[in-house]
Amino acid sequence: MALRGALSAAGRRWAQRRLCCTARGDTIFAVSSGHGRCGVAVIRTSGPGSRGALRSLTGRPELPPPRVLALRRIRDPATAEPLDRGLVVWFPGPQSFTGEDCAELHVHGGPAVVSGVLRALGRLPGLRPAEPGEFTRRAFHRGKLDLTAAEGLGDLIHAETEAQRRQALRQMEGELGRLYQRWSETLTQALAHLEAYIDFSEDDNVEEGVLSQVDAAVRALEQELGAHLQDGRRGELLRGGVRAVIAGPPNVGKSSLLNLLCQRPAAIVSPVAGTTRDVVEVSLNVTGYPVVLSDTAGLRDATDPVEREGVSRARDRLQRADLVLAVLDATAVPAEPAGLGAAVGSLVPPAAPCILVLNKADLLGGDTGALRAACAQGPPVPPATLLSCKTGDGIDRLLELLGQQLAQLCGDPLAGSPSLTQSRHSQHLGDCAAALARYGRHRARDLGLAAEQLRLARRHLGRITGHVGAEDVLDIIFRDFCVGK
């Protein structure tokens, strides 16, 4: 019973921390539509002063109906000078994004108009400019979204590809948070039953088989959590981009391939072997998937100290690559599978996903039948294609293979259960799984220690969604948001 009291007290302290963070009484404002010249700029306020700010800037005592756009002349309250004519919206709390009273001013997006409105808001008592991510942080503190949904919103703002958008939108709408919340509720129920058994089993007030039910629930959760963790980092790859490395001997066309894929002269191309010394990196959108593509120095035993450093960096990138584009000279490779497989094996780390690109195919003339047949044999030859970076012939097939590999690495962001997208998710889920494993070891010897492992597991899940000990990660999560979000 004392344990339950401690848990309740911890819950009250956490709730008090959440409330105190939003009880300062200040009202924030910012441009939420991005900066620069545009047709329309949206300026947002949140806090108890939003009502008065909207009245002051429109010069009208009455507010428009909630969540209805109204055309108003916007003026500077200090001078009564007209600033613009635009649309205003009133969002009374808690039916708003942040849960507080909010207002939006939709004004023309010229710099003079926007800066004039911002100056007028800054002169009002109790209003101050928002910090990056502060609107979303207030929404979290008001219980409008959990940390996983807040992270999804941040990812949606920064999404550059279709697949990233789909994954971020799914997370922002709460699917990942609901999954972790369901697991947390399973642990809460298991812990309650176990504590009831510990407290009341001697009084015969607990049903028989309750421990078996707890064990079954923990085992099922352990299996589900393990499958979730072993997803090949799909969500993280999709969020941060697949690290693809172009590797091969000198002067086989690696830099030409980089330039062909990114459609610009990102890397220097020269017939002199060893031109590329440092890693050249570009970000690409390939069939909707994000790719961070690196061109590296040619792999050989270099004698020049600068080139030797470049080769060392190339090998380091290869070890950390999610996908390797192994480039070889089509005129200098054996036209049989065993020889091709050996050539690739000398370049690519074992088990690394790979695409073999046989460049300079234009120099073969029409004699490509044997080489194409070897490429189509499968293992030990990875997915392969002939390519001419000079003419562009074969690029469609390369993009097709690249899209297939990316789909395998990242998966479909809309299929199955949502993927974990952050390294902190993996860390806490791993700690949760470890606590569940320790529960099984303590279960036969000491029920009290077993119950403590369930509490630890539940605490790690709560840290992901922000329901337990969230304050130490809030700054990290929200610092990457734009001002006005």
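Leaving aside neighbours up to four places away in sequence, S50 touches T27, T45, W90, D101, C102 and A103, a contact being heavy atoms within 4.5 Å. The model here is predicted, so local features need pLDDT of at least 70 and side-chain atom pairs count only at pLDDT 80 or more, while totals for chains, interfaces and linings use all residues. Residues are numbered from 1 along each chain as its sequence is written, and side-chain values use heavy atoms, with hydrogens and water left out. S50 sits in helix α2 (residues 50-58); helices (H or I, at least four residues) and strands (E, at least two) are DSSP runs, numbered from the N terminus. With a relative accessible area of 0%, S50 is buried. Buried means under 20% relative accessible area, exposed means over 50%, and partly exposed is in between, using a 1.4 Å probe and protein chains only.

Now for the overall picture. The protein has 17 helices and 12 strands, and 48% of its 485 residues count as buried. Its accessible surface comes to about 23,100 Å², with 52% of that belonging to carbon and sulfur atoms; areas come from the Shrake-Rupley method with a 1.4 Å probe, and for residues only the protein chains shown count as cover. Taking contacts between residues at least 6 apart in sequence, 69% join residues at least 24 apart.

Helix α4 (residues 134-141) is largely enclosed by the rest of the structure, because seven of its eight residues are buried. The buried set is E134, F135, T136, R138, A139, F140 and H141. Just after α4 comes G143, with a positive phi of about 75°.

Next come the helix pairs. Two packed helices are described by the angle between their axes and the distance between the axes. Helix α5 (residues 147-158) packs on helix α6 (residues 162-172) at an angle of about 150°, the axes being 7 Å apart. Axes are lines fitted to C-alpha atoms, for helices over the stretch in contact, and angles run from 0 to 180 degrees between N-to-C directions. The pair is therefore roughly antiparallel, given that angles over 145 degrees count as roughly antiparallel, under 35 as roughly parallel, 65 to 115 as roughly perpendicular and the rest as oblique. The crossing of α5 past α6 is left-handed, meaning that the near helix is turned anticlockwise from the far one by less than a right angle (right-handed if clockwise). On the α5 side, the contact involves T148, A149, E151, G152, L153, D155 and L156, which meet R165, A168, L169, Q171 and M172 of α6. By class, the residues of this contact divide into six nonpolar, three polar and three charged. Here Ala, Val, Leu, Ile, Met, Phe, Trp, Tyr, Cys and Pro count as nonpolar, Asp, Glu, Lys and Arg as charged, and the others, Gly among them, as polar.

D155 of α5 is worth a look of its own. At 13% relative accessibility, D155 counts as buried. Its C-alpha atom is separated by 8.3 Å from that of L169, 14 residues apart along the chain. Not counting residues up to four places away in sequence, D155 touches A168, R239, T421 and Q422.

The second pair is α10 (residues 254-262) and α14 (residues 395-410), whose axes come within 12 Å and cross at roughly 80°. That makes α10 roughly perpendicular to α14. L257, L260 and L261 of α10 make the contact with I395, L398 and L399 of α14. This contact has six nonpolar, no polar and no charged residues.

L258 also belongs to α10, and counts as buried at 0% relative accessibility. Residues up to four places away aside, L258 touches I246, A266, A267, V280, V282, L293 and D295. The C-alpha atoms of L258 and E281, 23 residues apart along the chain, are 9.0 Å from each other.

Finally, the backbone. Most residues other than glycine have a negative phi, and most peptide bonds are trans. A cis peptide bond joins G93 and P94, with omega about 5°, and P94 lies in the loop between β4 (82-91) and β5 (102-108). Another cis peptide bond joins P379 and P380, with omega about 10°; P380 is in the loop between α13 (369-375) and β12 (384-386). A80, in the loop between β3 (70-75) and β4, has a positive phi near 65° and is partly exposed at 45% relative accessibility. N251, not a glycine either, has a positive phi of about 60°. N251 is found in the loop between β7 (242-247) and α10, and is partly exposed, with a relative accessible area of 35%.
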